[in-house]
Amino acid sequence: MYAASHFRIYSANPKYKLGKAFDSSTGFKVPNGATRSPDASWIKMERWDALTPQQRKKYLPLCPDFAVELVSESDDVEDTRKKMREYIENGLRLGWLINPKDKQVEIYRSGKEVEILDSPISLSGEDVLVGFNLDLEVIFG
């Protein structure tokens, strides 16, 4: 799933040239000082371009605009929810907490209540990641 999400986010970018996608190996130093590595993430190109070459080599000193957290068998759902709330508090615009076991998705949006979807077929990047859609059949099986 991690590589598939990263590829799909990446493949949406050349068409719209809006930003840069990252996989779980990329770390972010969010404004509150925490270090986080979402399973998949994306930032607007202007924010990427504003980073110095040195900043790009370390933990990126910002919160992504978009992030995906996939709840694995060993993850605690509540801990993952806390991460998602932390992302929102630090500037995340759109986030998905995907729970394959329960076939549920929690959508986090800046300034809005969390939306919970049961067994959705797909997800849209909305106005944050224009043109990106994730087919959940691969994840939910």
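Two strands pair if DSSP finds at least two bridges between them. Helices (H or I, at least four residues) and strands (E, at least two) are DSSP runs, numbered from the N terminus. The model is predicted: local features need pLDDT of at least 70, side-chain atom pairs count only at pLDDT 80 or more, and totals for chains, interfaces and linings use all residues. Residues are numbered from 1 along each chain as its sequence is written, and side-chain values use heavy atoms, with hydrogens and water left out.

**Stop 1: the sheet**

Select the strands β1, β4, β5, β6, β7 and β8. In that order they make an open sheet of six strands with mixed pairing. At its edges are β1 (19-23) and β8 (115-118), each of which pairs on one side only. From one strand to the next the twist averages 15°; axes here are lines fitted to C-alpha atoms, for helices over the stretch in contact, and angles run from 0 to 180 degrees between N-to-C directions.

Go to β1 next. Its partner is β4 (residues 40-44); the two run antiparallel and are joined by five bridges. Select Ala 21 to find Trp 42 of β4 opposite.

**Stop 2: strand β7**

Select 104-109. Buried means under 20% relative accessible area, exposed over 50%, and partly exposed in between (1.4 Å probe, protein chains only). Six of the six residues of β7 are buried, so the strand is largely enclosed by the rest of the structure. In a regular strand the side chains alternate between the two faces of the sheet. On one side of β7 are Gln 104, Glu 106 and Tyr 108, and on the other Val 105, Ile 107 and Arg 109.

β6 and β7 run antiparallel and are joined by six bridges, with Asn 99 opposite Gln 104. Their hairpin has four residues between the strands, and Lys 103 takes a positive phi near 50°. β7 also pairs with β8, in the antiparallel sense, over four bridges. The bridge partner of Ile 107 in β8 is Glu 115. Five residues lie between β7 and β8 in this hairpin, and Gly 111 in the turn has a positive phi of about 75°.

**Stop 3: helix α4**

Select 77-89. Helix α4 lies across β5 (66-70), β6 (94-99) and β7, running at about 20° to β7. Which residues of α4 are buried? They are Thr 80, Met 84, Glu 86 and Tyr 87. Seen down the axis of α4, the buried residues fall within an arc of 160° (taken from the directions from the helix axis to the C-beta atoms), so they line one face of the helix. They pack against β3 (35-36), β5, β6 and β7, where contact means heavy atoms within 4.5 Å. Just after the helix, Gly 91 takes a positive phi of about 115°.

**Stop 4: aromatic rings**

Rings of Phe, Tyr and Trp (its six-membered ring) pair if their centres lie within 6.5 Å; planes under 30 degrees apart count as stacked, over 60 as edge-to-face and the rest as tilted. By this rule there are five aromatic pairs. Select Phe 22 and Trp 48: the ring centres are 5.7 Å apart and the planes at 50°, so the pair is tilted. Phe 22 is in strand β1 and Trp 48 in helix α2 (residues 45-49), 26 residues apart. Phe 22, Phe 28 and Trp 48 form one aromatic cluster. Phe 22 has 7% relative accessibility and counts as buried; Trp 48, at 13%, also counts as buried.

Last, select Phe 66 and Trp 96. This aromatic pair is edge-to-face, 4.8 Å centre to centre with 90° between the planes. Phe 66 in β5 and Trp 96 in β6 are 30 residues apart, and both are buried.
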